[in-house]
Every structure is written in C-alpha cells, then in structure tokens.
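Trainee: Could we go through this model together? I want to know what stands behind each label.

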Amino acid sequence: MAIEHALGTGIIISSSVPISQRVQKRIRAFIDDYERTLSRFRADSLVSRMARAKRGGEFEFPTWAQPLFALYSEFYAATHGAFDACIGADLLELGYNNSVHFIPQSQASEGKNGNSSSGSWSNYRRALPVTWADISQDGGSTTLHTNQPVQLDFGAAGKGYFVDFVTQIIKEELSGETPSDCDSPADCDFLVNAGGDMRACFSEENSQIKVALENPFDTTQAVGVASIASGALCASSTSRRRWKVKDASYLGKDASGFESNLIATHLINALDGIPACNLCASWAYIPAKTCDFPTAYADALASALFVSQESDLQKIVQTTSAEFAVMLPNKTLRKTRAFPAHFFVD
C-alpha cells in the first residue's frame, strides 16, 4: 500500500497478507486527521491557527496528541531546550515554507558555505519568541494555552509518532488485537515506512529485515546495512533537506558582513537558531517492546543527536534500550556497541 505525498514524504506499507479496503480507509482517514492537526504547511490545520492567533488562546488537540506532547517535554528537558517544537518560527524565518526549493548535496557542497559551518553563521543572533516551556497544559491534557502567536513544528518526531499509530491500526485490524496488546507479536509480517522512518513487525521473534543506510555524502550509495528485528529504525541527515537562505534581513543590524547564499538545513538547534553542523547523519534503533512509541522515540533521538550532547540523552537511551550511530563531517563513524548494522567504512 502506497500513499503518495502523505506527511510530505509518502507512506509505503508492505505486508505478508493483503491490506483490506477497510484498513486502508482507516489509515487514510487518520492521515487526514493528523495533517489537519499538526501540519504547518496546511492553512486549515490547528497548528496554523495557533500561528495566526495574535493574542494566543486555548487550542484543544485530539487525545492522540497527548503522548506526543509528553515526548517533546521529555526531550526538551533532556536537551536543555535545544529540542523544541517551537522551532517552526526559525524554520520559517530561514525560508522553509511551502515554496522552499531543496538542493542536492552535490550543489550544497559547492563553495565555502556548503557544510553550514558555524563560522558562516557567526552573525546570527536570535531568541525564540516562545519556547515549549512557555506553553501551558492542563495536567497532561491536550489543550495548549498561549498568549501570542506560536509556530509549532513537530517534524523532529512527528513522522515516527505517525508510524507508531499506523502500526497500531494495522495490528488491531489484521490481528484482532486491542491497543493494549500491540506489543505482542503480529499475526503477519509488515513494515511501515514513512520517508525512511520505519517500523517492522514480525510474527516470529527472530525474523529480521535488512535496511540500507544512506551515505550522507552520496545519496545514491549506502554506507552500511542494518539488520533489524521487530522495532523502529529512524535516521536524520543534512543531505536531503537543504536550501539556500535568500534573504538575511531577518538578522537586522547583525546582517552586516553576513555571507550570501548560506545553506540551511531543517536540523536547527532551538537555543541559537543555527543549523546543526557537528554531524552529517544519525541512525537510531529501538526494539518494539521497550516503549509504547518506539518509532517516535527513535525519530526524536535521531534528531536530538544533532543538537545535544550524547550524555544528555543517556537516560532516554537506557529507558528505551536504544542503539544509535552517527557520522561526522570528516566521515568518522561512532556507534553504540549493539547498534545492529554493518558499516562499509571505519
């Protein structure tokens, strides 16, 4: 089952048994609900209404959003504010909107600004108008309270969270399970893949699938192969979503001497607004049985590794039994001991 353009990337679901029209209809309905709630690219979404509310207000999200809010609070605290859903304000300022034109890694690497080096961003000074800590919630409810416009962006974990919900829908429909039973083995084998953020479910505990790990320096090649059992594998990279910053006027007086045609990426540190440049790629694997939303946590961890110290994330890594690997700009690889992949480089 393939759904083009869903969540901006498209969804592919592979199953060892046919996916009925009822299941497909339920998944498509959830996609519409999800985008109508969280997409900052849809003018009719709840997130977009928050961004247009000049004096803020109370915004009631669906009940399914509560665990996502809890995850963002957890990562916001662990990273000391570097991982923040309010980063949408920075992304818009830098030009990441409906008309953004992404450029290939080969073009981005041409010239002195190709790697988004910290030096080329030395004049950039800003503070988010609102942070995740400024948005109040009523005792873990899904109602968010604001007093000014807030541009939320849940891209750091939203796709993974979506994949977990689709996985739950499939297991409920195909296996006759209730949501509380979704950690048990499936009665069939299936894989949900949302633009490279994926979750595998197998009927046999020892079953695995091999997944090529994209080379961030040449996206036509793989840098390694992961062998994953039932669980989630997610990746983040600076090689795909890159664009030229056409206007530096948002810097105000600090724009003096600012280098033109600066290359920005979506992996932005919320503390200073600067695209992360210490890593080129990250991969995170989380077994299915260690938490309720393994793909959401793997997605968030892959993003958080770009903007935070690994030591800050150790509690989350230990709680979820996560394994991860990162690639540095000098092509050096660093990984946890049990990350389930074979790399072709040292």
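Trainee: Leaving aside its neighbours within four places in sequence, which residues is R42 in contact with?
Mentor: R42 is in contact with D32, E35, R36 and S48. Contact means heavy atoms within 4.5 Å. This is a predicted model: local features need pLDDT of at least 70, side-chain atom pairs count only at pLDDT 80 or more, and totals for chains, interfaces and linings use all residues. Residues are numbered from 1 along each chain as its sequence is written, and side-chain values use heavy atoms, with hydrogens and water left out.

Trainee: Why is R42 called partly exposed?
Mentor: Its relative accessible area is 22%. Buried means under 20%, exposed over 50%, and partly exposed in between (1.4 Å probe, protein chains only). So R42 counts as partly exposed. R42 sits in the loop between α1 (21–38) and α2 (46–52). Helices (H or I, at least four residues) and strands (E, at least two) are DSSP runs, numbered from the N terminus.

Trainee: What makes β10 largely enclosed by the rest of the structure?
Mentor: In β10 (residues 231–237), 6 of the 7 residues are buried, so the strand is largely enclosed.

Trainee: How do you know that β10 and β13 pair?
Mentor: Two strands pair if DSSP finds at least two bridges between them. β10 and β13 (residues 281–287) have 7 bridges, in the antiparallel sense. A232 stands opposite I286 in β13, and the bridge partner of S237 is A281. β10 also pairs with β7 (residues 197–201), antiparallel over 3 bridges. There, M198 stands opposite L233 in β10.

Trainee: Which strands make up the open sheet of 8, and what makes β1 and β15 its edge strands?
Mentor: The order is β1-β2-β6-β7-β10-β13-β14-β15, with antiparallel pairing. β1 (2–3) and β15 (333–335) each pair on one side only, and that makes them the edges.

Trainee: What about the open sheet of 3 strands?
Mentor: Its order is β8-β9-β16, and the pairing is antiparallel. The edges are β8 (209–215) and β16 (341–343), each pairing on one side only. The twist averages 35 degrees from one strand to the next. β9 (residues 218–228) and β16 pair over 3 bridges.

Trainee: Why are α3 and α7 called roughly parallel?
Mentor: α3 (residues 66–78) and α7 pack at an angle of about 30 degrees, with their axes 11 Å apart. Axes are lines fitted to C-alpha atoms, for helices over the stretch in contact, and angles run from 0 to 180 degrees between N-to-C directions. Under 35 degrees counts as roughly parallel, over 145 as roughly antiparallel, 65 to 115 as roughly perpendicular and the rest as oblique. The two helices are therefore roughly parallel.

Trainee: Which residues meet between α3 and α7?
Mentor: L71, E74 and F75 in α3 meet A296, Y297, A300, L301 and A304 in α7. α7 also lies across β7, β10, β13 and β14 (323–327), at about 25 degrees to β10.

Trainee: What makes a set of residues a nonpolar core?
Mentor: The set holds buried Ala, Val, Leu, Ile, Met, Phe, Trp, Tyr and Cys residues, joined through side-chain atoms within 4.5 Å. The largest one has 87 residues, and F61, L152 and F154 touch the most other members. Helix α7 (residues 294–307) gives the most to this core, with 10 residues. Apart from it lies another core, of 19 residues, including M198 and Y285.
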